[in-house]
Amino acid sequence: MNTIRIVLIEDHDLTRIGILAALQKVDNFEVVGDARDAESGLKLLKATQPDVAIVDVGLPNMSGIELTQHFKNSIDAEQTPATKILIMTMQDSEETVLAAFAAGADSYCMKDASIDKLVDALQSTASGNSWIDPAIARIILQQTQKTSIDANGQALPETIVIKGLSPQNSQIVESFPLTPRELDVLRLIVDGCSNAAIAEQLYISVGTVKTHVRSILNKLCVSDRTQIAVRALRGGLVA
């Protein structure tokens with residue numbers, strides 16, 4: 001396994017030192033630098049170009065989400081390999097999670113996660129997959145409709161849109177377009193529906209649903225339903 005080069009940007013000294021100590025004990029992990037504020041963190045990322053950067057949301061002067069957006073926007077689209085961003089925070093609010101992914105974060109991990117879970121998140125992120133802490137996966141999978149009221153007092157559907165910032169996502173969507181039925185299945189996956197629930201709503205068999213899900217996985221180049229939701233939302237396939 002190739003060595004995964006990691007940068008840690010965290011303003012809390014004890015947390016930063018603890019994570020550094022834990023990661024330095026993991027085989028095939030190399031911590032190439034750490035920073036305690038966003039300005040220093042941005043300079044460090046550009047200087048070291050790590051495989052993965054762990055970025056705390058609550059940084060002084062500039063949030064981790066703002067740092068992520070600034071860094072992602074500064075990367076040459078053809079830069080290989082591009083640094084992946086793993087957001088780490090104690091916040092599991094919908095607003096924070098969606099803002100992180102909209103800014104271009106690749107993965108999202110809670111600070112109270114075990115070191116084994118963090119290691120798994122880093123390995124998955126470094127390999128090009130989006131890793132979402134199970135504690136907040138529901139926020140991505142349940143991008144369900146809210147309701148607002150129009151001028152006539154009628155309930156209107158309202159959804160939160162995550163616009164994809166990655167050219168890779170857009171290229172995948174353009175290269176492997178989904179059929180209308182696959183889009184129907186995709187929307188229900190993002191709503192958190194099981195295969196049985198999808199079959200019931202679309203009046204098709206569970207076997208047919210499984211066939212559509214396999215096709216969606218292949219076309220979006222992902223390996224599970226959570227990654228389907230992330231790529232769909234960031235690629236603009238659902239709103």
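**Helix packing and nonpolar cores in a predicted model**

Asn 28 sits in the loop that links helix H1 (13-23) to strand E2 (29-35). The model described here is predicted. With a relative accessible area of 33%, Asn 28 is partly exposed, because values between 20% and 50% fall in that class. Asn 28 and Gln 123 are 95 residues apart in sequence, and their C-alpha atoms are separated by 9.8 Å.

The chain as a whole contains 11 helices and 7 strands. Of its 239 residues, 44% are buried. Contacts between residues at least 6 apart in sequence were also examined. Among these contacts, 64% join residues at least 24 apart.

Helix H2 (residues 38-48) and helix H3 (residues 64-74) have axes that come within 10 Å. These axes cross at roughly 30 degrees. Angles under 35 degrees count as roughly parallel, and H2 and H3 are therefore roughly parallel to each other. Their crossing is right-handed. On the H2 side, the contact involves Ala 38, Leu 42, Leu 45 and Lys 46. On the H3 side, it involves Leu 67, His 70, Phe 71 and Ser 74. The residues of this contact comprise 5 nonpolar, 2 polar and 1 charged.

Nonpolar side chains tend to be buried together in soluble globular proteins. In this model, the largest nonpolar core holds 27 residues. Those that touch the most other members are Ile 9, Leu 45, Val 55, Leu 67, Ile 85, Ile 87 and Tyr 108. H2 gives the largest share, 4 residues.

Leaving aside residues up to four places away in sequence, Ile 87 touches Val 55, Val 57, Gly 64, Thr 68, Ala 100, Ala 105, Ser 107, Tyr 108 and Cys 109.

Another core lies apart from the largest one. This core has 19 residues, including Val 190, Cys 193, Ile 198 and Ala 199.

Technical notes:
Residues numbered from 1 in each chain as written. Predicted model: local features only at pLDDT ≥ 70, side-chain atom pairs only at ≥ 80, totals over all residues. Heavy atoms only, no water. Axes fitted to C-alpha atoms, helices over the stretch in contact; angles between N-to-C directions. Helix = DSSP H or I, 4+ residues; strand = E, 2+ residues; numbered from the N terminus. Parallel < 35°, antiparallel > 145°, perpendicular 65-115°, else oblique. Left-handed = near helix turned anticlockwise from the far one by under 90°. Contact = heavy atoms within 4.5 Å. Nonpolar A, V, L, I, M, F, W, Y, C, P; charged D, E, K, R; others polar. Core = buried A, V, L, I, M, F, W, Y, C linked by side-chain atoms within 4.5 Å. Buried < 20%, exposed > 50% of the residue type's maximum accessible area, 1.4 Å probe, protein only.
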